[in-house]
Protein chains: 2
Amino acid sequence: MSGRQGNEGSDPVRNRQWLLKTRPHGLPSPGDFELVESELSSRDLKDGELLVRNRLFLCAPTMRNWMSGQANSLFPVQPLGRPMMAPAAGEVVHSKHAAYRPGDRLTYFGSWSDYEIIAPAGGNVSRVADDMSLTEAMGPLGLNPQTAYFGVTRVAPPKPGDVALVSGAAGSTGATAAQIYRLLGARVIGVAGGSEKCEWLLKTCRLDAAIDYKNENVRDRLKSLCPDGVNIFFDNVGGDILQAAVDHMARRGRIVVCGQIASYNDDATAEGPRNMMRVVYGSIRIEGFLRSDYLEHVCEAVGRLREWMARGEVVHRIDIRRGFSAAPAVFADLFNGRNAGTLLIEVDIKS
Amino acid sequence: MSGRQGNEGSDPVRNRQWLLKTRPHGLPSPGDFELVESELSSRDLKDGELLVRNRLFLCAPTMRNWMSGQANSLFPVQPLGRPMMAPAAGEVVHSKHAAYRPGDRLTYFGSWSDYEIIAPAGGNVSRVADDMSLTEAMGPLGLNPQTAYFGVTRVAPPKPGDVALVSGAAGSTGATAAQIYRLLGARVIGVAGGSEKCEWLLKTCRLDAAIDYKNENVRDRLKSLCPDGVNIFFDNVGGDILQAAVDHMARRGRIVVCGQIASYNDDATAEGPRNMMRVVYGSIRIEGFLRSDYLEHVCEAVGRLREWMARGEVVHRIDIRRGFSAAPAVFADLFNGRNAGTLLIEVDIKS
C-alpha cells in the first residue's frame with residue numbers, strides 16, 4: 001500500500017490546497033484564493049475510494065463559471081472555503097477500490113490539492129493508457145480536444161461545402177475543432193484575438209481564413225468571406241461574436257455552443273441570440289453539449305485524435321507551468337491571452 | 001378561360017387591396033393600412049402565372065414580423081405601399097400555366113387583395129384536394145396545424161415519459177402541438193392566458209396541466225408540476241415564458257422555436273436565452289423551423305391530422321370573420337386575445 005517514490009509513501013501526507021476564499025468579480029485573482037496546509041491519511045479512505053497524488057491540473061475556462069456561484073442547477077457550484085475544483089491527472093497512492101492499485105495513472109475531476117480522495121463510482125475517473133503520458137492525457141488527447149471532437153463529429157458534423165466558423169479558434173478546444181472541420185471537408189474560418197494568433201491559424205492550422213476580432217470588424221469580414229452565410233458556428237466565446245454569427249447564419253445553420261468565455265468574468269450571465277425570429281425563419285439549431293455526454297465514445301475520440309496528430313494533420317500547442325503555488329496566477333492567464341495552447345499546471349510535490 | 005360564376009368572368013376585374021401604409025409601432029391598427037381599388041386584367045399575366053380570386057386569408061401572428069421591416073435577411077419584408085402579404089386560399093380565374101385550369105382550388109402565399117397574380121414556380125402554391133373545403137385547407141388541415149405537426153414529429157419528437165411544455169397553447173398551432181404530444185405519449189403542460197383558455201386546454205384538449213400566465217407564476221408552477229424539469233418546450237411565445245422554461249429545462253432538453261409572439265408588437269427583437277451556460281451545461285438544443293422545411297411531407301401531415309381529427313383525438317377551433325374591408329381590424333384580434341382558434345377572413349367579392 002506504499003507509494004512508489006520517497007516521501008509519497010509516508011502516511012499521513014502533508015497536503016497543500018488552494019481554497020476559494022471569495023467569489024471573484026471580473027478576472028479571478030490570487031487574492032480570491034487561500035493556500036492552506038493540512039494532513040491527509042489513508043485512514044480517511046472509505047471503501048471504494050482512492051487517495052491520489054495530483055501531478056497535473058488543466059486550466060479550463062469553464063472553471064471560472066464554477067467560481068461565480070450563479071446557480072444553473074445543472075453543474076456543481078464551487079463551494080467557498082473548499083479546494084478549487086479542477087480537471088486533474090495523477091497517480092493512485094492508496095486504494096480501497098478493488099479495481100485500482102497504487103501506481104495506477106488516472107485523470108479525474110479533482111481539485112487544487114497535492115493529494116486528494118476520489119471515488120471512481122462517480123463516473124469522473126478515467127484510466128490513462130500505458131502508452132500515454134499524463135501530459136498527453138491532459139493536453140493533446142485530453143478534455144479540450146475530446147470536447148472539440150465530439151462537438152464536431154456528434155453535434156454538428158459538416159456537409160460537403162459547408163462553411164464552418166470557429167470562435168476562440170486559437171484556444172485548444174477551438175483550434176482542434178477548426179482543424180477537424182478542415183479535415184472533414186468544410187471551409188473553415190477561425191476567429192481569434194491578435195494577428196499572431198490569426199497567422200498561426202492560417203499557417204500552422206491551415207484554416208481557410210482568420211478574423212482578428214481585436215482589429216477587424218467581424219460582421220464585415222463575415223459578409224465578405226462568406227456571402228452565402230455560415231453553415232456551422234462552433235462557439236467558444238459568445239457575446240458580440242455570437243450575435244454577429246447568428247445574424248450571418250445560412251438557412252438551416254447549426255450553432256454548437258461549447259463555451260461562452262466572453263462572459264465568464266462578467267457578473268452577468270451569457271446572453272443568447274437577440275433575434276430569435278432569425279432562428280425561426282432560418283430554421284437554425286443552437287445546441288449546447290458537454291464532453292461527458294459522450295463518455296462511451298472517448299476511446300474513439302482519443303484514437304482518431306492521436307492518429308491525426310501523428311500524421312501532423314491536427315496540431316496541438318501545450319503550455320505547461322510548473323508550480324502548485326502559482327496555480328491562481330497561472331489560471332488568470334487563460335483570460336488575459338498570455339497562454340499559448342492548453343494551459344497545464346505541473347504540481348511540484350514538496351519534499 | 002372565363003370564371004365559373006357571375007361577375008368573376010369579367011376581365012378586367014375590379015380589385016380591392018389593403019396596402020401597408022406605415023410600419024406599425026406596437027399593435028397594428030387599421031390606420032397603418034390603406035384600402036385602394038384598381039383593375040386587374042388577365043392580359044397582365046405572364047407565362048407560368050395564374051390570376052386567382054382570393055376566398056380566405058389566414059391571420060398568422062408572424063405576419064406582424066413581416067410588417068416591422070426588421071431585416072433578418074431570411075424572410076421577405078413586407079414592402080410599404082404594397083398589398084399586405086398573407087397566406088391565402090382561392091380559385092384560379094385565368095391560367096397561363098399548363099398544369100392549372102380555371103376553377104382549380106389552391107392555397108398560396110398571397111396578399112390582402114380580391115384578386116392577384118401568382119406563380120406556382122415559386123413553390124408557394126399547393127392544390128386543395130377534391131375532398132377538402134377551402135376552410136379545412138386553411139384551418140384544421142392548414143398552415144398552423146401542419147406547422148405543429150412538423151415541429152412535434154420532426155424537430156422534437158417525444159420519448160416515453162417526456163414532459164412537453166407548450167406556450168401559446170390555446171392558439172391553433174400550440175393547441176395542435178400540445179395534443180399531438182399527448183397522442184405521442186408525453187405528459188403535456190400548456191401555457192395560456194386566462195382561466196377560460198386553460199379550462200379548454202384541460203377539458204377539451206385533455207392536457208395534463210395548464211398554466212395561466214396572466215394569473216399564475218410560471219416558474220413556481222413549473223417547479224411544482226415537473227420537479228425533474230421540462231424535456232421538450234414547444235415555444236410560440238418567447239419572452240418571459242421562454243426564460244422560465246430555459247431555466248427549468250432538464251438535461252438534454254429540446255426547445256422548438258415556432259414563434260415569438262410576445263415580442264411581435266415590440267420595436268425590439270425577440271431575445272433568446274439570457275443564460276447560455278445553462279444551454280451548455282444542460283446540453284440543451286434550441287431549434288427554429290418552418291413548415292416550408294417539410295413541403296415534401298405535407299400529405300403525410302394532412303393525412304394524419306385528418307385521421308386524428310375525425311376520431312376526435314385532436315380538436316381544432318376556427319374563427320371565421322366575414323368581410324375583406326375589416327381585414328386589418330380582424331388581424332389585430334390575434335394580439336388582443338379576441339379570437340378563439342384559427343382566425344380566417346372570408347373575402348366578400350364585390351358584385
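**A helix and a strand in chain A**

Guide: Keep in mind that this is a predicted model. We can begin with H4(A), a helix that is mostly covered, since 11 of its 12 residues are buried, where buried means under 20% relative accessible area.

Visitor: Which residues of H4(A) are buried?

Guide: They are A:Ser172, A:Thr173, A:Gly174, A:Ala175, A:Thr176, A:Ala177, A:Ala178, A:Gln179, A:Ile180, A:Tyr181 and A:Arg182.

Visitor: What follows H4(A)?

Guide: The helix is followed by A:Gly185, whose phi is positive, near 100°.

Visitor: Switching topic, how many residues of strand E3 of chain A are buried?

Guide: For E3(A), residues 50–58, the count is 9 of the 9, so the strand is largely enclosed by the rest of the structure.

Visitor: Which strands does E3(A) pair with?

Guide: E3(A) pairs in the antiparallel sense with E4(A), residues 85–95, over 7 bridges. It also runs antiparallel to E6(A), residues 115–118, with 4 bridges joining them, and it pairs with E15(A), residues 342–346, over 3 bridges, again in the antiparallel sense.

Visitor: What are the bridge partners of A:Leu51?

Guide: In E4(A) the partner of A:Leu51 is A:His94, while in E6(A) the partner is A:Ile117.

Visitor: And which residue of E15(A) is the bridge partner of A:Leu58?

Guide: That one is A:Leu344.

Key
Residues are numbered from 1 along each chain as its sequence is written. Chains are lettered from A and ligands numbered from 1 in the order in which they are written. This is a predicted model: local features need pLDDT of at least 70, side-chain atom pairs count only at pLDDT 80 or more; totals for chains, interfaces and linings use all residues. Side-chain values use heavy atoms; hydrogens and water are left out. Buried means under 20% relative accessible area, exposed over 50%, partly exposed in between (1.4 Å probe, protein chains only). Helices (H or I, at least four residues) and strands (E, at least two) are DSSP runs, numbered from the N terminus. Two strands pair if DSSP finds at least two bridges between them.
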